[in-house]
Amino acid sequence: MRPDRQVACRGFPCTDVRHECYIVPDIDLNPRNVSIVLISEAAPADPGDYYYASGDPLFQQTTVQAFNDAAVDVSSVKDILSLGVYLTTAVKCGKTGYGIRAGTIKECSLVLERELALFPEVQAFLLMGDVAIKAVNCISKRAGEGRVIPAGSTYKLRGQEYLFRGQRAFPSYLQAGPSFFIEKSKRRMIAEDISEAMRLLA
């Protein structure tokens, strides 16, 4: 199954993102082998930096490092996939500036919702940053279930138990892209959250 053949944006209504950077994972995988879904912010400005791009893309570099920080021995996105971890973004287009409008996150959460429905065996969701948290909250609220993650600073929310579709959801920080290397305290918390999610599979 290839996610990009199952879900797509219809009409590209958002005006604050780069539609030419639109991407849904184009990998072929067995959806029943996916136990954890890691959701980061947005597609990169350069498609060559995306998780599943050839070579050693930036998203792969930082995500592999995040898993290594969590004492998970991987050297590629392929290794991460083999552990049952699927990587995607909440927003499928690239950013035009620093932030992303709430309306854009809500609109793209419709695509993310269909994407997540492809994976029936998921045991945990890693929500890497505010955009991923907001997108999952949008999905949950549409289902009449309210927020998955309450409002507040991520560092204050971590360590508590949240459920999305009956499974654990971990609010964390963005691990994809150059910002990962900037703040050591966030990098430590990212490692802790990945480690906690991976323990659910033991």
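**Ground rules**

I number residues from 1 along each chain as its sequence is written, and I use heavy atoms for side-chain values, leaving out hydrogens and water. Because the model is predicted, I ask for pLDDT of at least 70 for local features and 80 or more for side-chain atom pairs, while totals for chains, interfaces and linings use all residues.

**Entry: helix α1**

I looked up α1, residues 58-69. Helices here are DSSP runs of H or I with at least four residues, strands are runs of E with at least two, and both are numbered from the N terminus. I took the expected span as 1.5 Å times one less than the number of residues.

Next I listed what is buried (under 20% relative accessible area; exposed is over 50%, partly exposed in between; 1.4 Å probe, protein chains only). In α1 the buried residues are L58, F59, Q60, T62, T63, V64, A66 and F67. They pack against β2 (36-43), α2 (77-82), β3 (85-95) and α6 (184-199). I count a contact when heavy atoms lie within 4.5 Å.

**Entry: α1 against α6**

I describe two packed helices by the angle between their axes and the distance between the axes. Axes are lines fitted to C-alpha atoms, for helices over the stretch in contact, and angles run from 0 to 180 degrees between N-to-C directions. For α1 and α6 I read about 70°, with the axes 8 Å apart. That makes α1 roughly perpendicular to α6. The classes are: under 35 degrees roughly parallel, over 145 roughly antiparallel, 65 to 115 roughly perpendicular, the rest oblique.

From α1, Q65, A66, F67 and D69 make the contact; from α6, R187, I190, A191, I194 and M198 do. By class I find six nonpolar, one polar and two charged residues. Ala, Val, Leu, Ile, Met, Phe, Trp, Tyr, Cys and Pro count as nonpolar, Asp, Glu, Lys and Arg as charged, and the others, Gly among them, as polar.

I then checked α6 by itself. Its 16 residues should span 22 Å, and its end C-alpha atoms are 23 Å apart, which agrees. M189, I190, A191, D193, I194, S195, A197 and M198 are buried in α6. Their cover includes β2, α1, β3, β4 (124-128), α5 (154-157) and β6.

**Entry: the core**

Which residues have the most contacts inside the largest nonpolar core? They are I39, F67 and L127, in a core of 69 residues. Such a core is a set of buried Ala, Val, Leu, Ile, Met, Phe, Trp, Tyr and Cys residues joined through side-chain atoms within 4.5 Å.

I followed I39. Beyond four places in sequence, I39 touches T88, T89, A90, L112, L116, L126, L127, M128, A132 and V136.

L116 was my next stop. L116 sits in helix α3, residues 102-116. Its relative accessibility is 3%, so L116 counts as buried. Setting aside neighbours within four places, L116 is in contact with V37, I39, F125, I139, F164 and R165.

The axes of α3 and α4 are 9 Å apart, at an angle of about 75°. The two helices are therefore roughly perpendicular. On the α3 side I noted I105, K106, S109, L110, L112, E113 and L116; they meet V131, K134, A135, C138, I139 and R142 in α4. By class this contact has eight nonpolar, one polar and four charged residues.

**Entry: positive phi**

Most residues other than glycine have a negative phi. I looked for exceptions. A71, in the loop between α1 and α2, has phi near 65°. A71 is exposed, with a relative accessible area of 70%.

R165 has a positive phi of about 55° and is not a glycine. R165 lies in the loop between β5 (162-164) and β6 (167-172). At 37% relative accessibility, R165 counts as partly exposed.
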